[in-house]
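Morning, everyone. Let me put one model on the screen and walk through it.

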Amino acid sequence: MLVEKQISISSYLKVLNSGIALFFSLTMLIPLSAFIFSVLVDSHDLHKKSGASLFFQDKEGEKKRVSLTDQKLENSFISLNNNELKAVFFPDFEKEFVVLEHTQRPDLVKKEDLFIVGLESSQEKRLAYQGEKIYLTCKNGQEISFALSQTPFWCQFYEKECGRFEVQFAAEFKGVDKTSLYSDNQMFVVDLKKDFSTGAIFCENKLALISQFLAKVKIYEPDLLIQIYGGKSFEGVKGLYRMISGSDSFFIKEGEFFVWRNGKLEQEKNRTQNAPLLLVKSLDSFKCEIVVWDSEGIYNKFITIPLTKSAPSNLKIGEFFSKIHQRTDVSVTCQLHGRNVIVRKGDWLLCQKGQFRNLRTADEIKDYLRYALKGELFIFDGIVKKEGVTLFTGHLFNEERTALKKVEIALAERKKAPPSKKKETKVAPQQVRDE
C-alpha cells in the first residue's frame with residue numbers, strides 16, 4: 001500500500017509541476033514576447049520616420065493635463081487620452097516646405113518681399129510676405145495644410161540670401177486660462193525651387209479654362225486694310241497685331257492686359273483685381289508669349305501662341321471684271337458674273353465662294369471691319385491715267401487682310417463709229433433774167 005501510495009504521490013507532483021510551468025508561460029512569457037515584438041515594430045517605424053521631428057513633450061518629461069473644453073486642442077491633430085497630452089510625430093518640414101519661382105501679377109499693390117510658398121505633400125500654394133505668420137492645420141502626424149484662421153501651428157519665411165530662405169516652424173498650446181501648456185520651434189533653410197517635385201498639377205486645373213480658350217486663339221499680323229484706308233479713329237490701332245477667337249477680336253501689343261470674366265476676355269487697364277489676368281509678355285512676327293494668373297495671383301503659366309501665317313490672295317481681278325469702260329470720271333461699267341454692273345470709286349467688293357458682291361451699307365462695312373464678315377476684298381480706287389493709258393485701279397486683300405495686291409487694268413476702248421458721209425447740198429443754178 002505504501003509503495004502504491006508513494007507512486008501515486010510522485011505522479012501527482014509531476015502533474016502539478018507541469019501545470020505551474022504552463023501557467024507561468026501563459027501569464028509571463030507570452031506578454032513578454034508580445035512586448036518585445038511591439039518594441040521592435042515601434043523601433044522599425046521610428047527608423048522609417050527618421051526624418052520626422054518629435055514634438056509636444058514637456059520639458060521636464062512630464063505629461064500635463066488639459067481640459068477637453070479647449071476647442072483648439074480638441075479639434076487639433078493632437079491625441080488626447082485620459083486628458084493627457086501625447087507626443088506625435090511630424091513630417092520632415094525641411095522637405096515639406098518649399099519656396100517656388102514665380103512671376104508676380106503686375107497689378108499687385110504691394111510687391112516687395114512677396115513670394116510663393118508651398119507644401120510638397122498637398123501641392124498647396126499661397127502668397128506670403130517676409131515674416132508673415134502663416135497658420136497651418138495638422139490633421140495628424142502626416143497631413144498638414146494651410147489654414148484660413150488661427151491655429152496652434154504656424155511658420156514664417158525670411159529671405160536669407162538670393163535663392164535661399166530661412167523657415168521658422170513653431171507650435172504653441174494654451175489651456176483654458178490662456179496659460180502656455182507647451183511651445184517649441186524649429187529653424188531650417190530651404191532653397192528656391194522651380195516647381196514641386198511631382199509637377200504643377202493644381203496649376204493646370206486652376207488655369208484650365210483660360211488655357212483651353214487660348215489654345216483656339218489665332219494671332220495675326222497687322223491689318224493692312226486699316227493701315228491703308230483707316231481714318232483718324234483707327235490711328236491708335238494701326239500696325240498692331242490682332243488676337244482673334246471666333247467673332248471676338250482684339251488689337252494687341254506688348255504690355256497689354258486682359259481679364260477673364262464670364263468665360264470671355266475683356267480688355268482692361270484699370271479694373272483687373274479679383275479676376276484671372278492675362279498679359280501679353282512679348283510679340284514678334286513669329287510668336288506671341290502670354291502670361292496668365294489666377295484671380296489671387298498664386299498660380300501662373302506661360303503660354304506661347306505661334307503667329308498664323310496666311311498666303312496672299314490668288315484671285316485675278318481681270319478674270320472677274322471684263323469689258324471695263326469708263327462711264328464718268330469716278331465710275332466704270334463692266335461685266336461681272338455675266339451681268340452688266342456699275343462700279344464707283346470707293347466701292348468695297350467682297351468675294352465669298354467665288355462670288356463678288358458690293359458692301360453697300362454701313363452695317364456691312366462695320367461687320368467686315370470687326371471680322372464678322374470674312375472673305376477676300378477688292379476696293380476700287382478710281383480711274384487714273386498713266387503714260388497715256390487709262391487704268392482701272394484698286395487693292396485686293398486676302399481674307400486675313402495681312403497681304404495685298406495692287407490692281408491696275410487698262411480700260412477697254414470703245415469702238416469708234418465709221419465717219420458718216422456728208423450729204424452734198426445741191427445749189428440751184430442761178431437763172432439769169434433777160435433785161
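I'll take the chain as a whole, then a sheet, then the cores.

This is a predicted model: local features need pLDDT of at least 70, side-chain atom pairs count only at pLDDT 80 or more, and totals for chains, interfaces and linings use all residues. Numbering runs from 1 along each chain as its sequence is written, and side-chain values use heavy atoms, with hydrogens and water left out.

The protein chain has eight helices and 28 strands. Those are DSSP runs, numbered from the N terminus: helices are H or I, at least four residues, and strands are E, at least two. Of its 435 residues, 37% count as buried, meaning under 20% relative accessible area with a 1.4 Å probe, protein chains only.

Three strands form an open sheet, order 13-14-15, with antiparallel pairing. Pairing takes at least two DSSP bridges between two strands. Strand 13 (218-220) and strand 15 (248-252) are the edges. Strand 14 (residues 241-245) pairs with strand 15 over five bridges.

Next, the cores. A nonpolar core is a set of buried Ala, Val, Leu, Ile, Met, Phe, Trp, Tyr and Cys residues joined through side-chain atoms within 4.5 Å. Which residues of the largest one touch the most other members? Phe97, Val117 and Phe157, out of 24 residues. Strand 11 (164-174) is among the strands that each supply at least two residues. Its five residues are the largest share. Apart from this core lies another, of 22 residues, including Tyr241 and Leu278.

Note on methods: Buried means under 20% relative accessible area, exposed over 50%, partly exposed in between (1.4 Å probe, protein chains only).
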